[in-house]
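Thanks, everyone. I have one structure to go through today, so please look at the sequence and the model while I talk.

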Amino acid sequence: MFRRNRGQTPAATRPTDWRSYDSVAETYDRVRSPVHEAPARDLVAAVAPPPGGRVLDVGTGPGVAAAAAAEAIGPGGVVVGIDPSAEMLRLARARGVRRIAAAQAIDLPFPDRVFDAVVASFVIFFVTRYDTALFDMVRVLKHGGRLGVTTWAGHSDEFTRAWREVAESFATKELLDDAARKAAPWDERLSDPDRLQEALREAGLRNVEVSRREYRTTLSLADYLAGRETSAVGRFLRDMLGEALWTRFQARVEETFRSRFDDPIGDTNDVLIAIGTRP
């Protein structure tokens, strides 16, 4: 059913940089997957794949949304998870995602109109051309199939500000902002519900709906900071500082958090869930 993209270099042989998740995949799965689980279940419920259907999870990471999709469609269905990170795909397989592929969101290695639903959980703002990626996701959808994406709806809270305050004492604000833009160029644009709705409509989807939901999680202070280190700015900062300065940064940020916040931390995340149907 699926074709291999012959022109694509296998993920394991590609050169990596700080933008790659390979080096932080284990930590990311441990501390971030529990944060993503509830939005992933709601995303899958919103696209409502039929029992026994076919679902594509774009940017599957450690397979949280793919696992939710597999539960929704039952044993007679097919879920495929794609991701450029070999380590993330390994974790997705360990989570029970049986069909995985090393691939990007742009130029999907699948024929037209083969999936009943396509989901992209906290992914679309990372791709270099979100419009091209959305067009390709629509291409592989069957007529009447649904595409669903999630994005963060705002990032400024007291924990983020405290972490960034310490980071900016080790690197300039301009450097950190530039790293964030390079890793997630559409983060700000697609965190706006009107612009997100417009993006899905321009991709050719109909009956586009965007809802905003709030999710609350509780993390130990250590796990919260470990999650911050897996972020784009965290990975950039570690790469830039080197191990000696990075160790100093870790000590400083932990001291700051323990002096200001309780342990564990109760964190609230606002999420946009956008759904559209291929005519």
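Buried here means under 20% relative accessible area, exposed means over 50%, and partly exposed is in between, with a 1.4 Å probe and protein chains only. Val55 sits in strand 1. Helices (H or I, at least four residues) and strands (E, at least two) are DSSP runs, numbered from the N terminus. Leaving out residues up to four places away in sequence, Val55 touches Pro49, Ala69, Ile73, Val78, Val79, Val80, Phe115 and Ala117. A contact is a pair of heavy atoms within 4.5 Å. Ala66 is 11 residues from Val55 in sequence, and their C-alpha atoms are 8.1 Å apart.

Some bookkeeping. This is a predicted model, where local features need pLDDT of at least 70 and side-chain atom pairs count only at pLDDT 80 or more, while totals for chains, interfaces and linings use all residues. Residues are numbered from 1 along each chain as its sequence is written, and side-chain values use heavy atoms, with hydrogens and water left out.

Now the whole chain. The protein chain has nine helices and seven strands. Its radius of gyration is 19 Å, close to the 19 Å from the globule rule for 279 residues, so the chain is as compact as a globular protein of that length. That radius is taken over C-alpha atoms, and the rule is 2.2 Å times the number of residues to the power 0.38. Along the principal axes, the C-alpha atoms fill a box of roughly 55 × 40 × 35 Å. Of the 279 residues, 49% count as buried. Among contacts with a separation of 6 or more, 81% are between residues 24 or more positions apart.

Which residues have the most contacts inside the largest nonpolar core? They are Leu56, Leu134, Met137, Phe249 and Phe257, in a core of 86 residues. The largest share of this core, nine residues, comes from helix 9, residues 232-260. A nonpolar core is a set of buried Ala, Val, Leu, Ile, Met, Phe, Trp, Tyr and Cys residues joined through side-chain atoms within 4.5 Å. Leu134 touches Ile124, Leu147, Val149, Ala199, Leu200 and Ala203, not counting residues up to four places away in sequence. There is also a second, separate core of six residues, including Val24, Tyr28, Met88 and Leu91.

Leu272 lies in strand 7 and counts as buried at 0% relative accessibility. With residues up to four places away not counted, its contacts include Val149, Thr150, Leu190, Pro193, Val210 and Arg212. Asp223 is 49 residues from Leu272 along the chain, with their C-alpha atoms separated by 24 Å. In helix 8, residues 221-229, the buried residues include Leu221, Tyr224 and Leu225. The elements covering the buried residues of helix 8 include helix 1, helix 5, strand 6, helix 9 and strand 7.

On to the second largest pocket, with a volume of about 990 Å³. On a 1 Å grid over the protein atoms alone, a pocket is an open set of points where a 1.4 Å probe fits, with protein on both sides within 12 Å along at least five of seven lines; lining residues have an atom within 4 Å of a point. Points are joined across faces, edges and corners, and the volume is the space filled by probe spheres set on them. Of the 40 lining residues, Arg19, Tyr21, Pro84, Gln104 and Phe126 lie nearest the pocket centre. Helix 1 gives the largest share of the lining, four residues. By class, the lining has 21 nonpolar, 11 polar and eight charged residues. Ala, Val, Leu, Ile, Met, Phe, Trp, Tyr, Cys and Pro count as nonpolar, Asp, Glu, Lys and Arg as charged, and the others, Gly among them, as polar.

Last, the backbone. A cis peptide bond joins Asp263 and Pro264, with omega about 10°, and Pro264 is in the loop between helix 9 and strand 7. Ala48, in the loop between helix 1 and strand 1, has a positive phi near 50° and is partly exposed at 46% relative accessibility. Asp107, in the loop between strand 3 and strand 4, has a positive phi near 65° and is partly exposed at 44%.
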